[in-house]
Amino acid sequence: MVSTFGGINIAHSALMTSRMALEVSGQNIANMKDPNYSQQVVRTDSKFLSSSGVFAGQQASFDGIGITQLSRVTDQFLIGRHNAELSSEGFKKERVDLLVGVERTYNEPSDHGLTQTLSAFWDSWDSLAATPQDQAAKTAVIRRGEAVAESIHYAANNLDAVRENHYKRLEGATEEANALIKGIANLNREISANSLEKKFPPNELLDKRDTLVRELSSLAKVTVSFSKTDELFVHLNGVGVVGGGGTYSLLRAEKVHDATNPANFTARLLVGTDVANQRPIELKDGRLAALYDSINHEIPEQQAGLDKVAYTLYTQVNELHLQGRSYSGTANNAADTESREFFAYPGKKLAYENGKLKNTTDNRDADIADFNGISRSIQVNSVLRTDSKLVATRWATPTAGGGAPTVEGPLGNKAAVKIAELASKSDGADATYRNTLTNLGVKSRSAQTSLDQQKAQTKRANEERLSVSGVNADEETLNMAAQLKAYQAAARYMNTLDTMLDTLINGTGRVGR
């Protein structure tokens, strides 16, 4: 049989349970605007005491109510989906930033971009064709050629700067990821210790860990699993970076330089507990993957496109200029019998032999693969810069049998006309450059559209997550009202017990006095 004073335990447990439930609801309302906070709920149940009697055997008696669980309201599927959408958004945002940055490097459209300098270059050849003996017109051709080379150098150097900047951003993002990995590992230790020592889970620490995982998800695609002690195991593309007992592995970025062209480099990501045992890792989605892809693929692709513009200009102008002859103003001048390149590619083992471009290293026909990096160093032939009279205007027509070619007279202009006509060539430098800009513009617009769509998907995923774990003010208000009524009822019950016990203790045995 329950003691007469047992009712006090029942009332006390009801008061404490209602009080804690009220505090939890108050905490929920106080944090309702925090997107990183998960709603907490109190689970209660009846408490019973077991006792044994000599004749009655074992029996149980009601001993009030108690809190059995204080849990967060979360859905791991929705959390995982939101994290995946964050990874995709991080990747696409970095890609948009890159393409916008690359577009700026070309400085188009502008009065000083490559489009305008190429146009002015071809116009100068038109002017020279009209006055082939005009020294000022020849000087103008040289200056316009130098302006074209400088415009190409400017774009090439800007692309190099973009690549270097993205590598620094990759290093920064790697350090950011490492800080998050360490933070998750440290929280794992605290959460595991709390789970073993305390009755209720450390919900605030769990929320903080979920926040760090979300931040890490924007950097790389994350997959997680849990241990029995609530430790979180984190993997990046199948490679574990956070394990049990607070263990973790860190990321590191490094450059790999091109031996044949030191100005070029690629990046790679490594993972491991220390530098000695780090190994390469490939990442999918997230800012890290986008930066890695930018350095190793997108920017080199743009550099290759600019190299193709310079290569096209170099080969097409030189092919015609080599078939032309200059007129220096003096009859029978030996200098006017020579053929010369207009553009030069310094430091490369290339030469024209019988009008064909050869790689002098192995005497094979040169191709675009031999022109890696030409956009950084193409220039007007130094011989022409020294003496602009040597600019070719006259055309030299080969003769049968390999004899001396037939050269136009002093007023010949066919070479200048043919070079000027390169402006409208369907596979010329201008068309190649336009294609490069057009493809870049299409990529940039497509990337922006994809990012806008991704932002909408990420927003929906976050709203679905918050619909489960977020705090509903109306719901919490009703909970508080219900718990307040329960608290008041328990208080009245306690007050009734107090009155009853006072009567029993102080009033019993006084009858007849």
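How many bridges join E9 to strand E15? In this predicted model, the count is 2, and the two strands run antiparallel.

**View 1. A three-stranded open sheet with the order E9-E15-E16**. The pairing within this sheet of 3 strands is antiparallel. Strand E9 (324–325) and strand E16 (406–407) stand at the edges with a single partner strand each, so one side of each is left without a neighbour in the sheet. In the pairing of E9 with strand E15, which covers residues 394–397, Gly324 has Trp395 of E15 as its bridge partner.

**View 2. Helix H6, residues 286–322, and its kink**. The 37 residues of H6 should span 54 Å at 1.5 Å a residue, and the end C-alpha atoms of the helix are 52 Å apart, which agrees with that expectation. Centred on Ser294 there is a kink of about 50 degrees. Because 29 of its 37 residues are buried, H6 is largely enclosed by the rest of the structure.

**View 3. The salt bridge between Glu298 and Arg95**. The closest N and O atoms of this pair are 3.0 Å apart. Glu298 lies in helix H6 and Arg95 in helix H2 (residues 76–105), so the pair ties together parts that are 203 residues apart in sequence. Glu298 counts as buried because its relative accessibility is 5%, whereas Arg95, at 23%, counts as partly exposed.

View 4. Arg385 counts as partly exposed, at 35% relative accessibility. In a further salt bridge, the side chains of Arg376 and Asp160 meet at 2.8 Å, N to O, and here helix H7 (residues 374–377), which holds Arg376, is linked to Asp160 in helix H4, the two residues being 216 residues apart. Asp160 is buried, with a relative accessible area of 17%.

**View 5. A nonpolar patch on the surface, formed by Met500, Leu504 and Ile505**. Together these residues have about 280 Å² of accessible area. Ile505 has its place in helix H11 (residues 473–507), and at 56% relative accessibility Ile505 counts as exposed, the cut-off for which is over 50%.

Definitions and conventions: Residues are numbered from 1 along each chain as its sequence is written. This is a predicted model: local features need pLDDT of at least 70, side-chain atom pairs count only at pLDDT 80 or more; totals for chains, interfaces and linings use all residues. Side-chain values use heavy atoms; hydrogens and water are left out. Helices (H or I, at least four residues) and strands (E, at least two) are DSSP runs, numbered from the N terminus. The expected span of a helix is 1.5 Å times one less than its number of residues. The bend at a residue is the angle between axes fitted to the seven residues ending there and the seven starting there. Buried means under 20% relative accessible area, exposed over 50%, partly exposed in between (1.4 Å probe, protein chains only). Patches are made of residues with over 30% relative accessible area and no salt bridge: like charges are joined within 9 Å, nonpolar side chains (Val, Leu, Ile, Met, Phe, Trp, Tyr) within 5 Å. Accessible areas come from the Shrake-Rupley method with a 1.4 Å probe; for residues, only the protein chains shown count as cover. A salt bridge is a side-chain nitrogen of Lys or Arg within 4 Å of a carboxyl oxygen of Asp or Glu. Two strands pair if DSSP finds at least two bridges between them.
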